Amino acid sequence: MLEALQCSESSPHGTVRCALIPILIVAFFVAPSQAQSSEPTVPQRKSQEKIIIDTDIGDDVDDAFAVALALHSPELQILGITTTFGDTETRAKLLDRLLGETGRQDIPVATGTPTVTKSIFTQRRYAEAGRSARTSHPKAVDFILDQIRRYPSEITLIAIGPLMNVGALIDKDPETFRKLRRVVLMGGSIEKRYGDLGYAPPRGPEPEWNIVNDIPSAQKLFASGVPIYMMPLDSTQLKLDEVKRSILFQAGTPLIDALTLLYHQWGQETPTLFDVMTVAYILEPDLCPVQPMRIRVDDKGFTRPESGAPNALVCLNSDSEAFFRLYIRRMLAP
C-alpha cells in the first residue's frame, strides 16, 4: 500500500489519489459499525408487566387465542389464569392441558365458582382428554387477592369472560381490589353491535356477552374506582379469515398445534378474536387508541356513555391489519 502511494506521487493527480486512499480505508473500517448501530432494535421494557387472565375459555375459541398470545409474549409475566362462568373446573382442566403441552406448567390455574349456563362447552373433549399432575386448583378469588397483596399496584387483571370473579373480589375485599394497577376488559357495546364490521353504518349498541351474563358484577366494576381499559364490540370484531389461519396453523409448534385442535373442536369456520385485543393492547397500545368516557351499566346490560367524570378509557376503533400483523408475527416467532 505504501508503494502504491509513493508511485502515485509522480502522477499529476497524485495528491488527489493519495488523499482518496486513506479515506477509503477509514470508510472500510468505520462504515460497518455505523451500519450495525443504525439497525432497528426492539424497544425493551424495564420489567415484565404482571398480569392475571380471567377467562371463560372453552366455549368460544377466542379465549384460547388470547391466552396463546400472552404465553408467547416475554413482556408479560403471567402470575396465574383464573376460570369463570359455567363449568369452571373443566375450563381449568383445559388450561392445565394447554399449559402442559406448551411447557408452562409453572403458571397457576385457579377456578371460579361454577354457575348454571346454557352455553355450549365446545372444547370439552380437549379438556377431558388431558393428563395433568394437578389434582386440585385454588379458588380464583382467594388466589387473585393473594397476588394483589403480594404485588400492590402492579397487577393488570385481563377480564375476558363474564365478570363473576370480579364481582366476588369486590364483595369480599374492595380495598384490596382497588390496589390493582388496572383492569383491561373485553366487554360492552358503545355504538356497534355484533356483526357491525365497519362496512355499513352502525346499527346501535346491544348488550354484550361478558356484561350481560353478570350485570351486577359489571356495575360494581365500573363503580369500583379501579382504572378500566375497555375494549368493546366496537373495536374487537377481528376476523381470523382463511388466509390468516393458513399462515398461522402451518407453523407446527406445540402451542399453535393446540390452537389448531381447539379451533377444529370449536366447530365453526371464522373465529372473531374479540378477547385477543386485550392482550394485544397491552403489548401495543397504538392498536386500539382509548378515550376517557363515563360508562353506566344499565339493568339490561347496555354500557351507556353519559356525562360526568370518566370511569373508563374506551377504545372505539382499532387497527385490524396492524393487529393481525402483530398476532401472526408474534406467534410465528421462535
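Hi everyone. Let me start with Asp 59, which is buried, with a relative accessible area of 9%. One thing to keep in mind throughout: this is a predicted model.

So what does Asp 59 pair with? Asp 59 forms a salt bridge with Arg 91, and the closest N and O atoms are 3.0 Å apart. Is Arg 91 buried or exposed? Arg 91 has 1% relative accessibility, and because the cut-off for buried is under 20%, Arg 91 counts as buried.

Now, a contrast in setting. Lys 220 and Asp 171 also meet through their side chains in a salt bridge, at 2.9 Å from N to O. This pair, too, links distant parts of the chain, with Lys 220 in helix H10 (residues 215-222), Asp 171 in helix H7 (residues 164-172), and 49 residues apart. Here Lys 220 is partly exposed at 30% relative accessibility, and Asp 171 is exposed, with a relative accessible area of 52%.

My next pair is Lys 244 and Asp 241, whose side chains form a salt bridge at 3.0 Å, N to O. Lys 244 counts as buried, with 15% relative accessibility, whereas Asp 241 is partly exposed, with a relative accessible area of 29%.

How many salt bridges does a search of the whole structure find? The search gives 19. Some residues join up in a network: Glu 49, Arg 181 and Arg 182 are linked that way by salt bridges.

Let me finish with the cysteines. Searching the whole structure turns up one disulfide, and it joins Cys 288 to Cys 315, with an S to S distance of 1.9 Å. As a reminder, a disulfide is a covalent bond between the sulfur atoms of two cysteines. For those who like handedness, the link of Cys 288 and Cys 315 is left-handed, with -100° about the S-S bond. Both Cys 288 and Cys 315 are buried.

Terms used
Residues are numbered from 1 along each chain as its sequence is written. This is a predicted model: local features need pLDDT of at least 70, side-chain atom pairs count only at pLDDT 80 or more; totals for chains, interfaces and linings use all residues. Side-chain values use heavy atoms; hydrogens and water are left out. A disulfide is a pair of cysteine sulfur atoms within 2.5 Å. Buried means under 20% relative accessible area, exposed over 50%, partly exposed in between (1.4 Å probe, protein chains only). A salt bridge is a side-chain nitrogen of Lys or Arg within 4 Å of a carboxyl oxygen of Asp or Glu. Helices (H or I, at least four residues) and strands (E, at least two) are DSSP runs, numbered from the N terminus.
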